[in-house]
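Thanks for coming. Please have the structure open while I talk.

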Amino acid sequence: KTLRVALMGLGSYANRVADAMKDSKRAKVVGVISGTPSKIPEWQKRFDIPDKNCYNYENFDAIKDNKDIDAVYIITPNAQHHNQCLRVAAAGKHVICEKPMAINAKEGREMVEACEKAGVKLLIGYRMHFEANTLEIVKMRNAGEFGDIKFFQGLSGFKIGDPNQWRLDPKLAGGGALMDIGIYAVNGTRYMVGEEPIWVTAQETKTDASKFREGVDETITFQLGFESGVVASCLSTYNMNNLDKFFLNGSKGFAEMQPSTGYGPIRSATHKGRLDMPHTTHQTTQMDEMAKIIFDNKVPIIPVDGKEGLKDIIILDAIYEAVRTGSKVDLNLT
Ligand code: NAD
């Protein structure tokens, strides 16, 4: 069965997802939701979308009565995900939501609950959870090839441009680099280590207070501790380009990926040699796999459901609290 998707928010990432979905075997763009009417005719032409599958932010609740749409993929600024998710769930459609799923844990929890109540699936756009190098390393770790895991390093960043974009507006972004790109290091720590962290410490550095306003973090270093004794050391920044590296070390050996979360190809190696698994477009694979999760109840190796996304948001909240207080913050994710 093909997953028939309406994309909400026709910005740069929605364009990437839509192009990638042209090669999907199980997912198809069939509708759009946009606040910019001038964008719609071009999208209709590109994906052969009928007028009845085009909505705006005022009228999309009517998607409830549209039998030709199975799911809405929310690809709007972070702070809008919560309200949009609640409305899509109330319309009885499955929700695919971009990262970060919400700008705080309270909102994330409400999204999980709303989708459960409506009986729809909530999946987060974690494309790396379906990526071949990532999955191979997780498989090797589970097989004990690295021994007992001891240490992880996750470095995620890029140099942000235009000072007027929503990513630098705390009301729309819900934070700064940590919310946007640091979440890859947070999420990656959890799937690379294969355990949930129990505490976090964090420190912030800001070199440009006019570009990175109150509530928008430029650079945060953070550390995560685990019951088993594993420690993770991570960095999130809007002030360095080409910073995208994961490094995992156990008692027997290591795995590394650099780049580790970019659009690919992902380059990877272990103490045994290079891996460099074949590249496929992440979003194509993601959407095919999400169709299987929704229709075939397939259980992915690394989960992508709302509860999984919520764990990352709980950690983001704790990192911000650790920055504010200068104290170690305990986590309870299990
Ligand atoms: P973008 O600015 O290119 O697009 C945002 C879209 O939202 C635009 O179409 C814009 O018109 C619309 N929008 C609606 N209300 C808006 C408002 N008040 N202000 C600004 N724009 C508004 O952003 P993007 O890069 O496409 O990011 C969108 C979402 O996708 C974010 O949550 C981001 O974190 C996520 N994203 C995920 C990945 C990934 O690899 N998974 C990559 C990029 C972005």
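I'll start with Asp276, which is partly exposed, at a relative accessible area of 26%. Keep in mind that this is a predicted model. Asp276 is not a glycine, yet its phi is positive, about 40 degrees. You will find Asp276 in the loop between strand S14 (273–274) and helix H8 (282–296).

Go on past H8 to the loop between H8 and helix H9 (306–325), where Asn297 lies. Asn297 is another non-glycine residue with a positive phi, here about 55 degrees. Is Asn297 buried or exposed? Asn297 is exposed, with a relative accessible area of 55%; the cut-off for exposed is over 50%.

Next, the cis peptide bonds. One joins Lys99 and Pro100, with omega about -15 degrees. Pro100 sits in the loop between strand S5 (94–97) and helix H4 (105–118). Another runs from Gly264 to Pro265, and its omega is near 0 degrees. For Pro265, look in the loop between strand S12 (254–257) and strand S13 (268–270).

Now the helix, H2, residues 40–47. Which residues of H2 are buried? They are Ile40, Trp43, Gln44 and Phe47. Looking down the axis of H2, these buried residues fall within an arc of 105 degrees, so they line one face of the helix. Their cover includes strand S1 (3–8), helix H1 (12–21), strand S2 (27–33) and strand S3 (54–55). Just after H2 comes Asp48, with a positive phi of about 55 degrees.

That's what I had.

Key. Residues numbered from 1 in each chain as written. Predicted model: local features only at pLDDT ≥ 70, side-chain atom pairs only at ≥ 80, totals over all residues. Heavy atoms only, no water. Buried < 20%, exposed > 50% of the residue type's maximum accessible area, 1.4 Å probe, protein only. Helix = DSSP H or I, 4+ residues; strand = E, 2+ residues; numbered from the N terminus. Arc of directions from axis to C-beta. Contact = heavy atoms within 4.5 Å.
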